[in-house]
Amino acid sequence: QVQLEESGGGLVQAGGSLRLSCAVSGRTRSTYNMGWFRQAPGKERAVVAGINWNGVSTNYADSVKGRFTISRDNAKNTVYLQMNSLKPEDTAVYHCNVLRYYGTNSPVYDWGQGTQVTVSS
């Protein structure tokens, strides 16, 4: 089993930035594809960014493209999400997970608690 712990969320004004971190522990492997997801109130959880196992390939939802950057440090078993130019519609609980298939909405493990991001207008 793998445990996922997200951190770095908070309250920020529109136009601001946050950097989220996802610590992966347990049966960790640097060969995991990883993704960041978010769930806004009343909406389904959706993937916003993905990164392949070695960090060479990344992909993003259209709504965050050009503003968010996903990266990883395999030596630290950590995945990051740099979020710039934040908008009120980015308000959500953000989660990370291992992706069964890179570039798809295919989370593998149980969800962690996530980290709340609130963007005020």
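A disulfide is taken here as a pair of cysteine sulfur atoms within 2.5 Å. By this rule the predicted model contains one disulfide. Residues are numbered from 1 along each chain as its sequence is written. Because the model is predicted, local features need pLDDT of at least 70 and side-chain atom pairs count only at pLDDT 80 or more, whereas totals for chains, interfaces and linings use all residues; side-chain values use heavy atoms, with hydrogens and water left out.

The disulfide joins Cys22 and Cys96, whose sulfur atoms are 1.9 Å apart. The torsion about the S-S bond of Cys22 and Cys96 is about 65 degrees, so this disulfide is right-handed. Cys22 belongs to strand β3 (residues 18-26) and Cys96 to strand β9 (residues 92-99), so the pair ties together parts that are 74 residues apart in sequence. Strands (E, at least two residues) and helices (H or I, at least four) are DSSP runs, numbered from the N terminus. Cys22 and Cys96 are both buried, where buried means under 20% relative accessible area, exposed over 50%, and partly exposed in between (1.4 Å probe, protein chains only).

The protein chain has ten strands and zero helices, and its elements run β-β-β-β-β-β-β-β-β-β from the N terminus on. For 121 residues, a compact globule would have a radius of gyration near 14 Å, and the 13 Å of the protein chain agrees with this; the radius is taken over C-alpha atoms, and the globule rule is 2.2 Å times the number of residues to the power 0.38. The C-alpha trace spans about 40 × 25 × 25 Å along its principal axes. Of the 121 residues, 41% are buried. Contact means heavy atoms within 4.5 Å; among contacts between residues at least 6 apart in sequence, 54% join residues at least 24 apart. The chain exposes about 6,300 Å², of which carbon and sulfur atoms supply 45%, by the Shrake-Rupley method with a 1.4 Å probe, where for residues only the protein chains shown count as cover.

Two aromatic pairs are present. Rings of Phe, Tyr and Trp (its six-membered ring) pair if their centres lie within 6.5 Å; planes under 30 degrees apart count as stacked, over 60 as edge-to-face and the rest as tilted. Tyr32 and Tyr109 form an edge-to-face pair, 6.2 Å centre to centre with 70 degrees between the planes. Tyr32 is in the loop between β3 and β4 (33-39) and Tyr109 in the loop between β9 and β10 (115-120), so that distant parts of the chain, 77 residues apart, are linked. Tyr32 is buried at a relative accessible area of 10%, and Tyr109 counts as buried at 18%.

The pair of Phe37 and Trp111 is edge-to-face, with 4.9 Å centre to centre and 80 degrees between the planes. Phe37 lies in strand β4 and Trp111 in the loop between β9 and β10, so the pair ties together parts 74 residues apart in sequence. Phe37 counts as buried at 1% relative accessibility, whereas Trp111 is partly exposed at 29%.

The charged end of Arg45 sits over the ring of Trp111, 4.0 Å from its centre. The charged end of Arg19 sits over the ring of Tyr80, 4.0 Å from the ring centre. A charge sits over a ring if NZ of Lys or CZ of Arg is within 6 Å of the ring centre and within 35 degrees of the ring normal.

Arg100 is placed in the loop between β9 and β10. Leaving aside neighbours within four places in sequence, Arg100 is in contact with Ser106 and Val108.
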